[in-house]
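Please read these notes with the sequence and the model open beside you. They go point by point, from the whole chain to single residues.

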Amino acid sequence: MQSIERHLVCVARAHHLHRLTIAFSDGWDPTGDGNEAASLRDGRRAHVWLGSNWVGPGDTTHLPAVLEHELGHILRRDNERSTFLQAGGVLLAVLATAWLPLTLAVLVAAALRLLYTGWVWHSELACDARAVRTCGRDAVIALWRRNTDLLRTLPQPARRGIVLRAAATHPPYRLRVWWALRITASPGTVSHPLAVLPAAYDTIPPHAA
């Protein structure tokens with residue numbers, strides 16, 4: 001955790017942020033979702049939430065890619081832009097309801113939603129591009145394939161429900177892999193300050209894992 005905080009201090013200095021903090025989103029709760037990752041920026045202050053899985057022995061190799069993706073959202077000010085776009089969309093939908101026939105108003109609302117989803121997908125892919133350039137193409141592709149493998153362990157109805165809900169805010173993993181393969185970046189491993197070899201955990205006693 002200290003290594004992560006030191007890395008965030010360097011990023012904050014490089015991008016003139018007053019403060020960039022981090023915390024676990026699930027508190028190491030085995031029943032919680034340790035795969036979560038989120039970020040928020042408010043002016044020159046920002047915060048990152050990470051699920052504990054990303055700093056546990058099994059998935060530490062994916063930590064740099066996950067973290068750099070979230071830093072991409074912070075540096076792009078995506079949460080601030082999202083708030084503005086959603087507020088504008090709601091205002092336009094209300095005006096359409098007031099001035100247009102119901103059928104047209106519904107079509108306008110649906111179009112606004114599709115446009116917002118398109119913007120969200122674009123922002124996710126832009127952050128994926130940052131992760132590819134800072135961590136390497138192979139690292140990002142391995143992350144999305146890892147998530148795909150996790151989905152395949154779920155029953156078909158549950159898997160479809162998750163995919164449909166996620167589509168409102170995140171592009172499908174196949175698209176993200178396709179995009180990572182086409183970003184101009186090194187195809188191999190890129191040195192990252194938080195890169196940790198899995199062998200580093202070989203000496204951890206079983207009861208401590």
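1. Contacts of arginine 176. Leaving aside neighbours within four places in sequence, arginine 176 is in contact (heavy atoms within 4.5 Å) with His69, Glu124, Leu125, Asp128, Trp144, His170 and Pro171. The side chain of arginine 176 also makes a polar contact with the side chain of aspartate 128, at 2.8 Å. A polar contact is a pair of N or O atoms within 3.5 Å; within protein, one must be able to donate a hydrogen and the other to accept it, and residues adjacent in sequence count only if both atoms are side-chain atoms.

2. Basis of the note. This is a predicted model, in which local features need pLDDT of at least 70 and side-chain atom pairs count only at pLDDT 80 or more, while totals for chains, interfaces and linings use all residues. Residues are numbered from 1 along each chain as its sequence is written, and side-chain values use heavy atoms, with hydrogens and water left out.

3. Confidence. The chain averages a pLDDT (the predictor's confidence in each residue, from 0 to 100) of 86, and 88% of the residues score at least 70. Where pLDDT is low, the predicted coordinates should not be read in detail.

4. Overall make-up. The chain has seven helices and three strands, which run α-β-β-β-α-α-α-α-α-α from the N terminus on. Helices (H or I, at least four residues) and strands (E, at least two) are DSSP runs, numbered from the N terminus. Of the 209 residues, 34% count as buried.

5. Where is arginine 176, and is it buried or exposed? Arginine 176 lies in helix H7, residues 173–182. Arginine 176 counts as buried because its relative accessibility is 3%. Buried means under 20% relative accessible area, exposed over 50%, and partly exposed in between (1.4 Å probe, protein chains only).

6. The largest pocket. The lining of the largest pocket consists of 49 residues, and Asn147, Ala166, His170, Tyr173 and Arg176 lie nearest its centre. H5 gives the most to this lining, with 10 residues. A pocket is found on a 1 Å grid over the protein atoms alone: it is an open set of points where a 1.4 Å probe fits, with protein on both sides within 12 Å along at least five of seven lines, and lining residues have an atom within 4 Å of a point.

7. Alanine 180. Helix H7 also holds alanine 180, which counts as buried because its relative accessibility is 1%. The C-alpha atoms of alanine 180 and arginine 137 are separated by 6.2 Å, although the two are 43 residues apart along the chain. Alanine 180 touches Val132, Arg137, Val140 and Ile141, not counting residues up to four places away in sequence.

8. Aspartate 42 lies in strand S2 and counts as exposed because its relative accessibility is 61%. Tryptophan 49 lies in strand S3, residues 45–50, and counts as partly exposed because its relative accessibility is 30%. Tryptophan 49 and glutamate 36 are 13 residues apart in sequence and 7.6 Å apart in space, C-alpha to C-alpha.
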